[in-house]
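Here is a short briefing for a first look at this structure. Start with the overall picture, then turn to the local details.

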Amino acid sequence: MSHKLLRRKGRRSLGIVVVLALAVPALVGPAVLTGAPAGAAAAASAFTAPPAPQRRAYVQGDSVMVGALADVTSTLRADGWAGTVTGFTGLHTYAAIPLFRQVRSTMGSVAVIELGANDCCDGGSFGRVIDQVMQTLSGLHVIWLTMPVWKPGVAAMNQALWAASRRWPSLTVADWAAVLAAHPGYEYPDQVHLKPEGSALLATFIRQQLDAWFDGPERTYSASLGGAPTLGGGGWLPPNGSVIGAAPDGDGAGLWAVDAAGGVYSLGDAGFYGSAASEHLSAPVVGMAATPDGRGYWLVGADGGVFSFGDAGFYGSAASEHLSAPVVGMAATPDGRGYWLVGADGGVFSFGDAGFYGSAGAQSLAAPVVGMAPTPNGLGYWLVASDGGVFSYGEATFSGSAAASPLAAPMAGITPSPSGHGYWLTGSDGGVFSFGDAVFHGAGPDAVGPDQVKASYAALVAAPSGGYWLVGQAPALAYAPAADTTAAPGTLPSARAGSVVRAKSARQRASRRAGRGSRSVTAASSGPRSRPPRSVAFSIGLGSVLILAGLLLTLARRRRSSVGATR
């Protein structure tokens with residue numbers, strides 16, 4: 001097989017159709033593996049269970065996939081995946097659309113697409129083709145691999161993919177180009193087709209992307225305590241994502257949560273004003289603050305970069321500073337015309353009308369600073385360290401700390417009481433410590449949802465009506481609140497998995513059927529993946545459709561070439 005790119009100017013090659021089933025590779029027609037129904041979640045008051053995804057995938061590629069078919073097939077089959085892997089030499093993305101229509105009903109729950117090299121190199125037209133593909137695959141989650149930049153125009157096509165992920169919540173862009181670039185020598189000189197080690201790497205990459213999708217990105221979670229209104233959960237986090245902060249929306253009926261990738265999640269009646277999820281961040285997002293009227297917010301990265309949305313003004317950042325420690329949080333002034341950033345070393349940076357009242361930057365700290373909070377009048381602030389130590393500056397009053405207390409988990413942040421004469425400290429395990437006039441309304445539940453899975457917490461947000469919300473995430477919440485407010489499209493190139501939930505394991509379902517009743521947090525969140533029973537059904541008809549489609553495509557190309565030659 002030639003390892004040159006199979007489409008060149010003025011030359012069209014015969015499309016070779018290769019279809020390989022995950023179950024029985026030797027068959028001409030694809031084998032369709034069917035898993036047992038995932039089963040519904042146990043009923044719970046105020047909760048409804050969305051359908052669980054199938055562990056069935058459809059993988060479509062071009063000549064790159066042809067070369068990697070054996071590796072991809074065996075890797076996914078060994079990992080318990082059912083479905084189909086296909087590769088078409090010289091396949092253009094627009095030519096795949098009719099094929100997708102033919103097999104749409106048998107694709108399963110997720111499609112992996114490795115296409116685009118033969119479309120090179122107009123980013124604008126490629127973006128329109130992406131939209132057509134996403135319309136065709138409506139209802140499926142799509143994982144689309146970026147292309148190695150073998151010529152300059154490919155970069156614009158990859159940018160079109162990232163841009164499309166902002167328009168399509170069901171689209172995840174998987175950066176295969178970056179992974180391959182980190183492994184020089186895994187591709188042939190054309191920088192596209194893969195050597196054997198590259199094929200193995202691609203197979204592993206696809207398996208990881210599918211497993212991350214199926215296992216379920218964690219879901220934002222809020223616990224309402226002390227009379228705070230119930231808000232439910234927000235969107236699903238991206239693979240390896242985590243909630244790192246939250247801010248109130250101003251009217252006491254909603255809040256925002258933010259993850260490390262810059263995705264913003266609206267809970268309650270909080271409006272969505274944008275996110276940094278589609279940006280190529282040089283450092284993870286570490287904090288968030290809201291404007292007083294609740295019509296905007298800021299995000300801050302560990303490198304000191306600041307992103308403003310809605311009516312939040314930009315007043316500067318520390319991105320150009322030579323930081324001695326990463327930034328870990330931010331706070332806004334009462335009028336919203338300035339903000340502070342705080343570093344892990346206790347250093348404080350003030351912007352706009354935010355006054356500087358001191359810092360712990362020159363102190364030798366027993367533990368790193370993890371957050372800050374301003375006084376209600378903006379004339380002071382508190383810092384909190386991960387060991388529970390509290391530092392007060394300006395008019396901020398020291399009311400105590402948890403530094404001498406044996407902590408079960410590190411502190412996650414500090415929140416002032418409405419009067420400013422006290423504050424709450426929040427542990428990452430949901431523990432709450434109250435000081436001054438801050439009233440203790442309870443700690444966050446350690447286990448949540450019908451399956452009683454462990455939750456983690458990132459912030460405490462005070463509710464104007466009294467009480468507070470504890471905001472974080474739960475790793476395997478297999479339910480959606482009845483009055484759920486999902487993240488608005490574009491909050492994440494993921495709200496990416498907005499319709500996806502983690503399927504319950506066969507072990508859990510068997511346990512409920514047997515009446516054992518107890519649910520193990522360990523088994524639910526970190527135990528070995530159960531493999532549902534599978535049966536094999538062979539569909540020669542589907543293989544015939546794909547082969548016929550390939551032949552028709554080739555004939556159409558020849559006809560176009562013949563017509564063009566007579567002009």
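Is T86 buried or exposed? T86 is buried, because its relative accessible area is 0%, and the cut-off for buried is under 20%. Keep in mind that this is a predicted model.

**Around T86**
- T86 belongs to strand β5, which covers residues 82-88.
- The T86 side chain has a polar contact with the side chain of Q60, at 2.8 Å.

**The chain as a whole**
- The chain has 567 residues, and 53% of them are buried.
- Its secondary structure consists of nine helices and 30 strands.
- Among contacts in the chain with a separation of 6 or more, 60% join residues 24 or more positions apart.

**A three-stranded sheet**
- Strands β19, β20 and β21 form an open sheet in the order β19-β20-β21. The pairing is antiparallel.
- The edges are β19 (369-374) and β21 (390-394). Each has a single partner strand, so one side of each has no neighbour in the sheet.
- On average, neighbouring strands of this sheet are turned by 20° against each other, direction ignored.
- Strands of a sheet pair through backbone hydrogen bonds, either parallel or antiparallel.
- β19 pairs with β20 (residues 380-385) in the antiparallel sense, over five bridges.
- P374 stands opposite Y381, a residue in β20.

How values were computed. Residues numbered from 1 in each chain as written. Predicted model: local features only at pLDDT ≥ 70, side-chain atom pairs only at ≥ 80, totals over all residues. Heavy atoms only, no water. Helix = DSSP H or I, 4+ residues; strand = E, 2+ residues; numbered from the N terminus. Buried < 20%, exposed > 50% of the residue type's maximum accessible area, 1.4 Å probe, protein only. Polar contact = N/O pair within 3.5 Å; in protein donor to acceptor, adjacent residues only side chain to side chain. Contact = heavy atoms within 4.5 Å. Pairing = 2+ DSSP bridges. Axes fitted to C-alpha atoms, helices over the stretch in contact; angles between N-to-C directions.
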